[in-house]
Each structure stands twice: as structure tokens, then as C-alpha cells.
Amino acid sequence: MTPRARAAASLRAASRWRPAEYAFWAAALASWLFLPGQYLLLNEIAIAGLFAVSLDLVLGYGGIVSLGHAAFFGFGAYVAGLLTMAGVAEPLTGLLIAGVATTLLGLATSVLVLRGSDLTRIMVTLSVSLVLLEIANRMTWLTGGADGLQGIAFTPLLGLFEFDMFGRVAYGYSLAVLFVLFALARRLVVSPFGWSVRAASGNPLRTAAIGIPVTRRLVGVYGFAAGLAGVAGALLAQTSQFVSLDVLAFHRSAEVLLMLVIGGTGYLYGGLIGALLFKVVQDRLAELTPQYWQFWIGLLLVLLVLAGRERLFALPRAAWRAVWRRA
Amino acid sequence: MTPALETIGLHRSFGGLAAASDVSLRLERGARHALIGPNGAGKTTLLNLLSGVLAPSAGRILLDGADITTLAPDRRVRRGLVRTFQVNQLFPALTPLQSVGLAVSRRLGLDTQVWRRIGSRPAVIDQSVEVLARFGLLDVMDRPTRGLAYGKQRLLEIALAIACGPRVLLLDEPAAGVPEGERDEILAGVAALPDDVTVLLIEHDMDLVFRFARRISVLVAGRILTEGTPAEIAADPRVRAVYLGDGHA
């Protein structure tokens, strides 16, 4: 093989879909077809997964540590909820508007976030989410304050599919949106833009020295990720037909970070796997010990940190890698 | 003719220490110019000023006659002013192919593409392979950079700059840390640059300097002591005094 062909193949291989990925999404589709009893949990997982993928773009690719990612999730949820009151009750339209609005919020706040070091970024992201929470809390005439948004209702999806009480349409809808946006994010990270984001977070000095504007790249990925988080929030608002202050709460920012820590950063699937594990464990524990599940999940997380994800997941990861490599 | 790169009264101080003081340099198009001087003379500071990593306290920098004094580093690169670093500044997680491919994509204006994958344009592959081949990096092009031998990393350091298509190239001690036998390989790729590319070389290895440069400037304590042809510099008693006095032979 000529060097040229080798280089072309090598770059192509870095972006090609692997068999394991097809299997992953086939399993997701199967869950919609064959697990009707679990739709509520599965819907939660899909939404949390999209939220975690968004954080992975920020943290795993952009290298920005955020402790306030719920700002975007919650903002998207409120936008989606408020839109129905303004008469925009078609879910997909609402989703689109919520995504665009949250992207704009992400771009606007990136100016604050991208200044300074990791520690400053943690503080600033946290502050932004707390400020939004307080605004939502105070503007009761708009948001309903602590009572939440009352009486939001959606027309059938695309005018065709009504949200049913079992969550069949809801989960199918969330899963479809998750897949489309995941595919978009996956496409983005293997584009020249995506590589330049990775370069910018890995070595900003050299990135500038090859002519790439570091700050603008990070602003771009932060805005895009914010939009994804906003869509995730909007999905929650639409599929649960309810929005409360909880969507902006700190525990959401912390949980999504935990999911990403569990699943691993920088390969996009970490967010999905982390969300799946976190939600399933949470659900099982809540069933086993309704009162103490938070204790157990806390204990599990402490063990996870002490033992290290690498060691705990060495086996499944090795298996995953084996399939990955062989492709 | 307008010089390719010119500085006028460039000045930069850190606290009370003047690391660059009234530096006026003039590099004609196609120059092979070396900047030498004892440790701490301010060579790297000057390079940081030229590349925009540091802002000067006073003075101006002209690239092809245009004032670039306040331009951000990435804007200077887009205008053809490219540098390398004394200590490797690479992308450890990326492969040489990906790193060079990114630089080539940028040069071709494709770096803001979000929809097509990197290297989907044949031109990116062609030019990346050409640069990698010139620096003998083809055999390691798809291994992560962090695992490469130091010599290979050093070559990649320069290959990345070449991939940017420089019109003025600033080389900060390209042979630093490279064993003597491999130094020729480092400069071979630079020597193969087209004649109209201007090169400013900072280097400690006098052998390399005298083989490469057609003009040499001597920087001492932030000031240009003298400038001339290699023969003139070699014969200059002041230069000898600086180097001998500083413990260098």
C-alpha cells in the first residue's frame, strides 16, 4: 500500500462506525421494541445519556470542567415548557427552539467560562447555574417558582403520535432524538473542527501556533454542547409534561458529572454507558431499599473512586477494546 | 525591497529586567538568518515577541511591511509567520498524521468544517503525506505522538510548522536535545524549503549555525551586539569575548 493510501485509510478508520457501535444502537432499538414495562426508566436513561454526551463534549473534548451543566438542561426544559403556554405545542418544534435558545445561552456564558483556569471554570459554571436557578425561583409569574410550570400540554408529535401513558411514544421519541444528536456529535468530533477542539484543549499554545484560534474553537463546542443539554432538558419537560426548579438543581450537574466519570470521557459512549449504569443502579437500589438508596449509591461511588474505574471496568473495557480494534 | 520580517525598536522587560531592548532586525525575503547569543540573552523572548506569545512593551513588528505588533498568534500564522518551540509543543494524544493533517486542513481553510471528516479532501492527504515523508515520519504516522522516540517528536515539531506553509519560519533551537548524528536529519527538511521562504534560526550548535546561516545576529543581554556574515561574526573579537567570557568556546 502506498503511504498515501495508508494515510487515507488511517484517517478514515478513525471516524468509521464500529460493529460494537451498531450493536449498541441495535440493543437500544430492541429495548424500545421488547421492554415495554421499562419505558419510564429507559426514557430517563436516554435523556440523561444525551445530557452526559453534552458534558463529554465540554469536558472530554473541550477540557472544560463544568459543575453547572444543569443550567443548560434546565433552561431548555423551561423554554420547552413555556413554549406550550405561548401556543407552540408541537413537540419537535419546541425541541428545536429550545435547542437553539440554549445554544445562544451557551455562547453567551462561554465568555465568562473560558476565562481563567480549571478552578475558575468550576466556580463560574456553578455560579451560572445557581443564578439561573434563583432567577427561575424568583420569576414566579413566568416559571411558577417552586410550584413549577403548571398545565403544560403538547399536541401529538408531528400531529400524528400522541404521548401515551405507558411512555411508548415518549421513549421512542427520546431515543430517536438521542440517536440523531449523538450521530451529529459523533460526526462533529471527527471533523477538522472536532480535531481542532481536541488540539485546543490538549495544547492551546501549539494550536494557536498552527493558526487555529483556540478560544473560538472552545466557544463553538461549548455552544453546541449547551444546545444538546437544552434539548435533553426539553425532552424531559415534554415527556414528563412538567417542569420544576429541580431541572436546574445542583444535583443534576453533579449527577451528570458522575455518569461521565463512571462511563469515561472523550469517546462519547462514556456518557451513554454512564447514564445507563447510574440510572439502572439507582432504580434497583430504590426498589430494594426505598429509604436508603442514596446511601448505597453514595457508597458505590466511593468504592468506584477508591478502586478506580480503570480497575473495575478493566474486563468489560478490554472486551470492548478487542471488538473496537478488530474492526 | 520590503523585508519579509522587520522589527523596529522592539522592547520587552520583565520587572526591572530588559529581556529585549531596542531590537531592530531586518530579514530579507529568502534570508537564512541565525540569531545567536549566550544563555539568557533573550533569544526565546524575542521569538515569543515575534510570534505573539508575548506582547512588546514598545516597538513594532512588520511582516511584509504590514504592522502585526498587536495581532494574535493564530492570526500571524495565517499570514505566514510560523514558529517551532525549543521544548516540544505537540499534541500527545494525536498521531503525527492527525496533527499534520490538522495543520494542513487549517492552511487549506478547512478547519471550521463540522460535517466532513478530517482528511476527506485528497489535498489534505497529499500534503500531509508529503510533509511526513520529508521528515521521515511516515513509518510512525499513525502511532500516538506521546509514544514516539524523542528524535521523532523533534522532527514532528518542525514538520508541524512546515505543514502550516510558512513564508517566514522561526526555529527555536531545533536541534536541542538531539544527538549529534541526527542533527543533519533535523535541518535537512528545513533546507529543502523553497528559496523564497525566510528562516530565522536560534541555535546553540555553532556548527549548525555556520553551515546554515548566510547572516548572523548576535544578541547579548537583550540587545543586538552585531550583525554580519558568518565569516565576519567568526572574526569579531567582541563576539569571541562574549562567548569566551561566558564560558563557551
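Colleague: What makes A:R187 count as lying over the face of B:W115?

Modeller: A charge sits over a ring if NZ of Lys or CZ of Arg is within 6 Å of the ring centre and within 35 degrees of the ring normal, and A:R187 lies over the face of B:W115 at 4.5 Å from the ring centre. A:R186 is likewise placed over the face of A:W17, at 4.5 Å from the ring centre. This is a predicted model, in which local features need pLDDT of at least 70 and side-chain atom pairs count only at pLDDT 80 or more, while totals for chains, interfaces and linings use all residues; side-chain values use heavy atoms, with hydrogens and water left out. Residues are numbered from 1 along each chain as its sequence is written, and chains are lettered from A and ligands numbered from 1 in the order in which they are written.

Colleague: Why is the pair of A:W17 and A:Y22 called tilted?

Modeller: Rings of Phe, Tyr and Trp (its six-membered ring) pair if their centres lie within 6.5 Å, and planes under 30 degrees apart count as stacked, over 60 as edge-to-face and the rest as tilted. The centres of A:W17 and A:Y22 are 6.2 Å apart and their planes stand at 35°, so the pair is tilted.

Colleague: And what makes A:F24 and A:Y269 an edge-to-face pair?

Modeller: Their ring centres are 5.3 Å apart and their planes are at 80°, so this pair is edge-to-face. A:F24 and A:Y269 are 245 residues apart, and the pair links distant parts of the chain. Both residues belong to one aromatic cluster, whose members include A:W17 and A:Y22.

Colleague: Is A:Y269 buried or exposed, and how do you know?

Modeller: Buried means under 20% relative accessible area, exposed over 50%, and partly exposed in between (1.4 Å probe, protein chains only). A:Y269 has a relative accessible area of 1%, so this residue is buried, whereas A:F24, at 22%, counts as partly exposed. A:Y22, at 54% relative accessibility, counts as exposed.

Colleague: What makes the contact between B:D126 and A:R4 a salt bridge?

Modeller: The term asks for a side-chain nitrogen of Lys or Arg within 4 Å of a carboxyl oxygen of Asp or Glu, and the closest N and O atoms of B:D126 and A:R4 are 2.3 Å apart, so the pair forms a salt bridge. The count between chain A and chain B is 3 salt bridges.

Key:
Helix = DSSP H or I, 4+ residues; strand = E, 2+ residues; numbered from the N terminus.
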